[in-house]
Amino acid sequence: MSSRVAVVTGSNKGIGFAIVRALCKQFDGDVFLTARNVDLGQKAVESLNSEGLKPKFHQLDINDRDSIDKAFTFFKDGYGGVDVLINNAAIYYKDEDTVQCVEHAEVTLKTNFFATRDMLTKFMPIIKPGGRVVNVSSIFGSQALSSCSPALQERFRSEDITEEELVGLMQRFVDQAKQNQHKEDGWPDKAYGVSKTGLTTLSMILARRLSKERPNDQILLNACCPGWVRTDMAGPEAPKSPDEGAVTPVYLALLPPGSTEPHGKFVSDKEVQPW
């Protein structure tokens with residue numbers, strides 16, 4: 001095995017698949033395509049093999065903590081940790097604009113925020129010095145943030161918000177949405193957007209923690225928006241191809257050794273965006 005390794009969650013199709021393709025061409029090490037479904041994951045690997053690329057496969061369902069634990073053990077024991085972690089796995093209900101948020105909030109946040117946080121909680125201790133962590137968020141998170149009440153906006157943008165406070169806010173949104181009271185509580189009617197508000201905020205919290213607890217390890221952690229991409233999730237009308245959507249996540253994953261920025265930022269089209 002190579003000593004260097006990159007792991008991409010939810011990468012048997014769409015943007016994740018395109019990220020794996022790009023990393024196979026640019027990353028000096030082993031690249032792991034992961035998926036919940038073993039058959040779909042292996043077929044995706046075979047598809048890239050037909051292009052002359054050599055990704056490896058590991059089963060990983062971020063909604064299953066046992067699956068996360070097994071992947072953690074595999075990469076810790078086999079590689080001594082992870083050099084690049086790209087958290088791409090997510091869900092989106094295409095009918096979110098026409099169906100009340102109450103029907104989507106719990107399931108959407110379970111994957112896009114809580115399960116991604118489970119991945120980060122488990123894997124952050126084994127991110128190697130010089131490592132790169134990229135959380136695939138969305139501009140919809142920024143839009144949802146701007147639609148929150150002033151009090152919520154202040155907390156999400158605060159540099160002293162803790163991970164515990166953030167988790168409490170995300171759970172509060174779910175609880176309020178299930179009662180169809182989220183708008184009265186200052187939340188927008190977009191579960192996907194709120195889930196990405198949470199993920200981007202979590203990225204900033206974890207980056208600040210890295211700077212404090214591992215200041216000499218030069219790990220960079222960022223959230224990004226790949227753009228509106230033609231995938232099963234976003235539909236055929238989107239202007240970007242999956243390979244174009246992979247550009248910013250891969251750029252952040254391959255920031256050169258010694259780089260100090262961006263870190264703890266929200267990035268789109270390779271540019272830091274306001275939050």
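Predicted model: local features only at pLDDT ≥ 70, side-chain atom pairs only at ≥ 80, totals over all residues.

Modeller: Two strands are taken to pair if DSSP finds at least two bridges between them.

On one side, S6 runs parallel to strand S5 (residues 127–136), and 5 bridges join the two. Within this pairing, Val133 stands opposite Leu221 of S6. S6 also pairs with strand S7 (residues 266–268), again in the parallel sense, over 3 bridges. There the bridge partner of Cys225 is Ser268 in S7.

The burial of the strand can be considered face by face. In a regular strand the side chains alternate between the two faces of the sheet. In S6, one side carries Leu220, Asn222 and Cys224, while the other carries Leu221, Ala223 and Cys225; every one of these residues is buried, and both faces are therefore covered.

The range of S5, 127–136, ends at Val136, and Val136 is among the residues in contact with Lys196. Lys196 belongs to helix H8. Beyond its neighbours within four places in sequence, Lys196 also touches Ala90, Asn112, Ser137, Ser138 and Gly141. Its relative accessibility is 2%, and since buried means under 20%, Lys196 counts as buried.

Helix H8 itself covers residues 191–213, and its 23 residues reach 32 Å from the first C-alpha to the last, close to the expected 33 Å. The helix is mostly covered, with 18 of its 23 residues buried.

H8 also contributes to an open space. Its 5 residues form the largest share of the lining of the second largest pocket. Helix H6 (150–157) and strand S8 (271–273), like H8, each supply at least two residues of that lining. The pocket holds about 270 Å³ of space. Of its 17 lining residues, Glu159, Met204, Arg208, Gly264 and Lys265 lie nearest the centre. By class, the lining has 7 nonpolar, 6 polar and 4 charged residues.

In summary, S6 has parallel partners in S5 and in S7, and both of its faces are covered.

Terms used. Residues numbered from 1 in each chain as written. Heavy atoms only, no water. Helix = DSSP H or I, 4+ residues; strand = E, 2+ residues; numbered from the N terminus. Expected span 1.5 Å × (residues − 1). Buried < 20%, exposed > 50% of the residue type's maximum accessible area, 1.4 Å probe, protein only. Contact = heavy atoms within 4.5 Å. 1 Å grid on protein atoms, 1.4 Å probe; cavity = no way out; pocket = protein on both sides within 12 Å on 5 of 7 lines; lining within 4 Å. Points joined across faces, edges and corners; volume = space filled by probe spheres on them. Nonpolar A, V, L, I, M, F, W, Y, C, P; charged D, E, K, R; others polar.
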